[in-house]
Amino acid sequence: MSSQPPTSKPQAPDHSPQASVHHSSHNHTAQGQSLDGALQQAGFYPRLVADVVDDALDGRDCVAHLVHLETHFDRAEVRRHITVLVLTDDMLVITHVDDQQLDDAGEQIVAQISTESVPVTQIRSVVLSYMYAQPQNYKPSDPVREVTLAIAWSGGQRLEMGPASCGDPQCEADHGYSGTIAQEDIVLRISAEADGLQAVQDAKLFARALRAVNTASAAPVPHGLPASQPRPRMGVFSNRLSRGHQR
């Protein structure tokens, strides 16, 4: 996240100079930190990611940003994954970066990067879920412990299935399956314990900015005119974006 990651989280090597690259389209002060500063703080090939994001923005100004770094442990390997969301006046740019070690010595590493640009007019919903600790003792000054940001634009859906039951703990009959379907193209979970309180606040600010831009771009349909056609599926790797964000 754009907040300071835990000191115990391993950092990916970056063989390029660590000086910040100042792209004019990356300046954003509403969250208290520029996009370049957030990428430098995440420490995951910051100059490479910054250049790719800058290219995807194509000269557009950054309205808000969200940087989410994840670390996964796969046996003896440490795998890192970063998602960068950049909001402009008319686009949501999603950048997705993984690295892969090609040899046992770790000398040959490749970075796999995908970018997707979604018009804000295509965004169907922005869902922000909150988690508070000890709600019975809630005070207005209590911070949010965790938020989950879900953004849907292409009609992608997540299906969660599980065995159905009748409520009788002694019943061994087969009741089939039950499940829920949630519409989402990307889901990011940000917790104060893993990412810091500032990261949670940054996620809230980004969701607020995204809602404002998305709502402002939705022009009303004049009376008597036919409703617009259903929005087409645009996310070519929406399933990939959801990978690893559910814990």
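Helices (H or I, at least four residues) and strands (E, at least two) in this note are DSSP runs, numbered from the N terminus.

Keep in mind that this is a predicted model, where local features need pLDDT of at least 70, side-chain atom pairs count only at pLDDT 80 or more, and totals for chains, interfaces and linings use all residues. Residues are numbered from 1 along each chain as its sequence is written, and side-chain values use heavy atoms, with hydrogens and water left out.

1. Let me start with glutamine 201, which sits in helix H4 (residues 197-217). Glutamine 201 has a relative accessible area of 32%, so it falls in the partly exposed class. For these classes, buried means under 20% relative accessible area, exposed means over 50%, and partly exposed is what lies in between (1.4 Å probe, protein chains only). Have a look at glutamate 146 too: glutamine 201 and glutamate 146 are 55 residues apart in sequence, yet 9.6 Å apart in space, C-alpha to C-alpha.

2. Next, the tyrosines. Tyr130, Tyr132 and Tyr138 make up a nonpolar patch on the surface, and together they have about 320 Å² of accessible area. The areas come from the Shrake-Rupley method with a 1.4 Å probe, and for residues only the protein chains shown count as cover. Patch members are residues with over 30% relative accessible area and no salt bridge; like charges are joined within 9 Å, and nonpolar side chains (Val, Leu, Ile, Met, Phe, Trp, Tyr) within 5 Å. Tyrosine 138 belongs to the loop between strand S5 (125-131) and strand S6 (146-152). With a relative accessible area of 44%, tyrosine 138 is partly exposed, and tyrosine 132 is partly exposed as well, at 33%.

3. Which two tyrosines form an edge-to-face aromatic pair? First the rule: rings of Phe, Tyr and Trp (its six-membered ring) pair if their centres lie within 6.5 Å; planes under 30 degrees apart count as stacked, over 60 as edge-to-face and the rest as tilted. The count by this rule is 2 aromatic pairs. One of them joins tyrosine 132 and tyrosine 138, edge-to-face, at 5.5 Å centre to centre with 85° between the planes.

4. Two backbone spots deserve a glance. Tyrosine 45 is not a glycine, but its phi is positive, near 45°. You'll find tyrosine 45 in the loop between helix H1 (35-42) and helix H2 (46-57), and at 10% relative accessibility it counts as buried. Glutamine 134 also has a positive phi without being a glycine, here about 50°. Glutamine 134 is in the loop between S5 and S6 and is partly exposed, with a relative accessible area of 49%.

5. Now the salt bridges, meaning a side-chain nitrogen of Lys or Arg within 4 Å of a carboxyl oxygen of Asp or Glu. The structure has 4 of these salt bridges. One of them pairs arginine 60 with aspartate 90, and the closest N and O atoms are 3.1 Å apart. Arginine 60 lies in the loop between H2 and strand S1 (64-74), while aspartate 90 lies in the loop between strand S2 (77-87) and strand S3 (91-101), so this pair ties together parts that are 30 residues apart in sequence. Arginine 60 is partly exposed at 29% relative accessible area, and aspartate 90 is partly exposed at 36%.

6. Another salt bridge links glutamate 193 and arginine 145, with the closest N and O atoms 3.0 Å apart. Because glutamate 193 lies in helix H3 (residues 192-195) and arginine 145 in the loop between S5 and S6, the pair ties together parts that are 48 residues apart in sequence. Glutamate 193 is exposed, at 56% relative accessible area, whereas arginine 145 is partly exposed at 27%. Lysine 139 and aspartate 142 form a salt bridge too, the closest N and O atoms being 3.3 Å apart. Lysine 139 is partly exposed at 44% relative accessibility, and aspartate 142 is partly exposed at 22%.
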